[in-house]
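Visitor: Please show me the structure, and then let us go through it by question and answer.

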Amino acid sequence: MITRARRAAPASLVALVILAVCVVVAVAVLQQLSGHQPFIPFGRLAGYGRRLRLSDTPVIVAGAVAAALGLILLACALIPGKPTVLPLGEGDGVTLAGVSRAGLARALRAAAADLDGITAAKVRVRHHSVSARLWTEDNDIEAARTAAREALERRLTQTDLARPARLRVKVRGAKGRNAA
Amino acid sequence: MSGHNRPAAANRTLLALLGLVLLAAGAFTLLTAYGVVHWIPKAHTVFPAGRQLTNWAPYAVVAAAVVFGLLCLRWLAAQGRKRPRTSSWQLADDPDTGVTVLSSATAVQPLADEVSEYPGVHAAGAWLSGHSGEPRLLLRVRTEHDTNLAALRQEITDEALPRLCQALDLTELDATIQFEPTATASRIR
């Protein structure tokens with residue numbers, strides 16, 4: 001059960017743009033029909049369109065812009081987004097389960113930050129990998145790395161991801177101190 | 001799983017469709033302008049000279065603008081609906097004894113309440129969709145950050161879900177559990 005981004009932002013943007021165009025066109029045509037001066041100069045536009053040949057530069061630019069926008073929209077639709085929910089293991093074999101990517105990052109960050117000597121922790125969760133950057137006030141960085149790796153691995157085991165993530169742990173001396 | 005992540009499929013389909021239309025229109029314009037495609041001679045003007053629009057054209061434009069505008073509003077509104085569609089279930093339909101209708105939101109409330117009482121759980125929400133012959137359950141569980149998810153999941157599938165199936169007289173249940181660990185630690189340490 002993997003859940004990916006919903007593409008709500010590009011969808012909302014496109015819907016708003018089309019909606020705006022529809023409102024503007026409808027209002028202008030209704031103005032024209034009711035005998036008012038429409039705020040889109042239809043007469044001048046039509047005259048311009050009758051002079052403009054299909055091989056003229058403005059037509060080529062418009063065609064290129066339309067094709068480029070089309071490619072962008074296709075890319076938004078077809079490229080799979082970052083997963084928002086990562087699948088968990090089989091479990092009982094009937095029920096599907098997943099953990100939110102942001103939530104897993106929070107859990108791992110807390111697991112690392114709770115360790116003795118760790119002053120700050122940043123955790124990034126991707127589909128197949130987890131990378132943690134930690135800062136420690138301990139002088140023995142190697143020991144801190146081992147402890148952090150153990151803690152993170154324990155939490156990952158308890159989470160039981162369907163596809164175990166590769167774990168990378170980097171530990172540095174606390175900010176403002178020289179690493180021993 | 002589209003039912004659990006609702007506007008995602010619609011967004012992808014509509015974006016791909018609009019992208020294809022724009023790409024086709026743009027490509028056709030470019031190919032015509034450079035003389036590769038000759039369906040319309042490239043010396044033609046964008047609007048044919050000396051042709052007047054028919055009388056009903058403005059009305060058609062307004063009607064089309066209203067229809068597409070409303071469809072866009074509907075698309076926009078769909079972005080806010082992130083939960084599965086729930087419905088009412090008809091449990092027994094023997095006309096002699098009357099009809100029992102159960103809102104699926106009511107049916108799963110005890111499950112959500114039970115799971116949110118489990119240790120390590122902050123809150124839980126449950127949504128039942130599909131019809132009573134083929135029910136689908138989505139259970140969203142906000143947990144403390146140090147909760148053992150595998151153990152919690154086992155507790156839910158061993159105790160809470162069988163109880164729901166028993167209460168609703170379901171033989172099988174297509175259930176999905178989504179865990180969301182939060183930044184807070186457990187209350188008892």
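Visitor: How many salt bridges does the rule find across the interface of chain A and chain B?
Guide: This is a predicted model, in which local features need pLDDT of at least 70 and side-chain atom pairs count only at pLDDT 80 or more, while totals for chains, interfaces and linings use all residues. Residues are numbered from 1 along each chain as its sequence is written, chains are lettered from A and ligands numbered from 1 in the order in which they are written, and side-chain values use heavy atoms, with hydrogens and water left out. A salt bridge is a side-chain nitrogen of Lys or Arg within 4 Å of a carboxyl oxygen of Asp or Glu. Across the interface of chain A and chain B, the number found by this rule is one.

Visitor: Which side chains meet in a salt bridge at 3.4 Å, N to O?
Guide: The N to O distance of 3.4 Å belongs to a pair that joins a residue of chain A to one of chain B. The two side chains are those of A:Arg106 and B:Glu180.

Visitor: Which element supplies the largest share of the side of chain A that touches chain B?
Guide: Several helices and strands (DSSP runs, numbered from the N terminus: H or I of at least four residues, and E of at least two) each supply at least two residues of that side, among them β1 (3–4), α2 (42–51) and α3 (57–78) of chain A. The largest share, 15 residues, comes from α1(A).

Visitor: How much area do chain A and chain B bury between them?
Guide: Buried area is the accessible area (1.4 Å probe) that two parts lose on being put together, summed over both. Of the area buried here, 69% is on carbon and sulfur atoms, and the total is about 5400 Å².

Visitor: Where does α4(B) bend by about 35°?
Guide: Helix α4 of chain B, residues 149–168, reaches 26 Å from its first C-alpha to its last, close to the 28 Å expected (1.5 Å times one less than its number of residues). The bend, taken as the angle between axes fitted to the seven residues ending at a residue and the seven starting there, is found at B:Ile156.

Visitor: Is B:Gly133 buried or exposed?
Guide: B:Gly133 lies in the loop between β3 (121–129) and β4 (136–143) of chain B. Buried means under 20% relative accessible area, exposed over 50%, and partly exposed in between (1.4 Å probe, protein chains only). Because its relative accessibility is 57%, B:Gly133 counts as exposed.
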